[in-house]
Amino acid sequence: MRKMKSSALGRLTRDMLRDVMGTAIKEPFQTGELRKNPREPAWHCPAGYSYELIPAPGFEMEYLQPEDVVTGRVVLQLHGGGYIGPMKNIYRSFAVRYSKLSFGADVLTPDYRVAPEHPFPAALEDAVYAYRWLTGERGYAPEQIVVAGDSAGGGLALALIHYLKDHKMPLPAGVVTMSAWTDLSLGGESYDTMYELDPLFGNSRHSMIYECSYIGDADVTDPYLSPLYGDFTGFPPMLMQVGEHEMLLSDTVEAARKAREAGGRVRVSVYGEMFHVFQMCLNLIPESREAWAEVGEFLRIVYRIPRRPEGTVVRKVKNRRRGKRV
């Protein structure tokens with residue numbers, strides 16, 4: 001397990017976040033009100049990329065592709081939001097970054113169904129659909145797929161791997177998680193030790209993690225809901241990043257421990273004094289920049305991309321039916 005030192009700018013950002021959460025918007029954020037009804041400006045696809053809405057049963061998927069580049073690689077991104085938040089602009093920015101870091105991979109982000117209207121296992125069903133769509137409808141080879149997710153999306157990524165393995169489906173090349181929520185029973189020690197330090201979820205029991213409507217009537221230790229309780233034997237290589245001051249710290253550390261004990265290859269990076277999904281700062285703080293550089297190196301390794309890739313690999317694509325361009 002790697003532990004990184006924090007920067008002065010990173011600590012300042014953390015403290016500012018704590019101040020804001022503790023005053024003006026803490027309760028609406030904690031309960032998920034702001035995530036359920038995001039008010040965001042229109043997102044504009046950057047030059048050099050195309051962006052499509054792909055219809056799916058009961059939800060939509062957003063498909064980012066670099067123009068004039070065909071690599072055969074794809075990232076399946078599962079967004080966070082406590083299983084109650086819809087797709088947001090930050091994940092569209094994440095998609096562009098994943099594509100650039102993997103030298104031109106496509107990125108599919110399902111805007112999966114969320115609670116309370118759609119409790120467990122709706123999100124997992126939609127993640128499975130998206131994976132099957134990639135391997136079936138679009139013809140991606142499993143060894144050219146990486147599943148990535150943050151927070152609830154990180155837990156969902158691990159739950160997806162449990163499902164694929166249990167159903168004898170081919171597994172992806174690798175998994176990236178950021179601040180993964182792997183234990184919805186909230187049983188890790190960091191829920192206590194970091195309670196007063198966590199700037200997002202600390203000092204309140206009225207939050208989306210303590211009042212999780214996604215659970216419904218399910219057993220909270222079901223590995224498809226809390227992947228920490230599953231068998232990690234045979235999992236693909238994983239990069240797991242987490243902030244040191246998160247209540248969800250144990251969720252990553254314990255899942256990584258179980259994966260290693262099962263013989264898996266896991267890189268765990270704990271970023272000193274950092275907060276939940278600090279990678280959303282993108283280039284603003286050194287910790288986020290370092291975390292994304294680490295993601296890029298992991299993608300290069302699992303995709304087997306040479307350090308100076310020459311040319312592209314053309315993939316065979318099944319059924320080139322296109323979705324709605326936005």
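Modeller: A residue counts as buried when its relative accessible area is under 20%. Ser179 has 0% relative accessibility, so Ser179 is buried. Bear in mind that this is a predicted model.

Now the rings. A pair of aromatic rings is described by the distance of the centres and the angle of the planes. Searching the whole structure gives twelve aromatic pairs. One of them joins Tyr83 and Trp181, with 6.1 Å centre to centre and 35° between the planes. That pair is classed as tilted. Trp181 belongs to the loop between strand S7 (174-178) and helix H7 (190-193). Tyr83 belongs to the loop between strand S4 (74-78) and helix H4 (89-101). The pair therefore ties together parts that are 98 residues apart in sequence. Tyr83 has 2% relative accessibility and so counts as buried. Trp181 has a relative accessible area of 1%, so Trp181 is buried.

Tyr83 has another ring partner, Tyr214. Here the rings are stacked: 4.1 Å centre to centre, with 10° between the planes. Tyr214 lies in the loop between H7 and strand S8 (238-243), and Tyr83 in the loop between S4 and H4, so this pair ties together parts 131 residues apart in sequence. Tyr83 and Tyr214 are both buried. Ring pairs join Tyr83, Trp181, Tyr214 and Phe120 into a cluster.

The peptide bond between Phe120 and Pro121 is cis, with omega about 10°. Pro121 lies in the loop between S5 and H5. The bond from Ala115 to Pro116 is also cis, with omega near 5°. Pro116 is in the loop between strand S5 (106-111) and H5.

Two packed helices are described by the angle between their axes and the distance between the axes. Take H5 (residues 122-137) and H6 (residues 152-166): their axes come within 10 Å and cross at roughly 65°. H5 and H6 are therefore roughly perpendicular to each other. Their crossing is right-handed. H5 contributes Ala123, Leu124, Ala127, Val128, Tyr131 and Arg132 to the contact. H6 contributes Leu156, Ala159, Leu160, Tyr163 and Leu164.

H4 packs against H9 (residues 286-302) at about 50°, with the axes 9 Å apart. That angle makes H4 oblique to H9. H4 passes H9 in a right-handed crossing. On the H4 side, the contact is made by Phe94, Arg97, Tyr98 and Leu101. On the H9 side, Trp292, Val295, Gly296 and Leu299 take part.

Arg97 lies over the face of Trp292, 5.6 Å from the ring centre. Arg73 is placed over the face of Tyr303, at 5.8 Å from the ring centre.

How values were computed
Residues numbered from 1 in each chain as written. Predicted model: local features only at pLDDT ≥ 70, side-chain atom pairs only at ≥ 80, totals over all residues. Heavy atoms only, no water. Phe/Tyr/Trp six-rings, centres within 6.5 Å; stacked < 30°, edge-to-face > 60°. Helix = DSSP H or I, 4+ residues; strand = E, 2+ residues; numbered from the N terminus. Buried < 20%, exposed > 50% of the residue type's maximum accessible area, 1.4 Å probe, protein only. Lys NZ or Arg CZ within 6 Å of the ring centre and 35° of its normal. Axes fitted to C-alpha atoms, helices over the stretch in contact; angles between N-to-C directions. Parallel < 35°, antiparallel > 145°, perpendicular 65-115°, else oblique. Left-handed = near helix turned anticlockwise from the far one by under 90°. Contact = heavy atoms within 4.5 Å.
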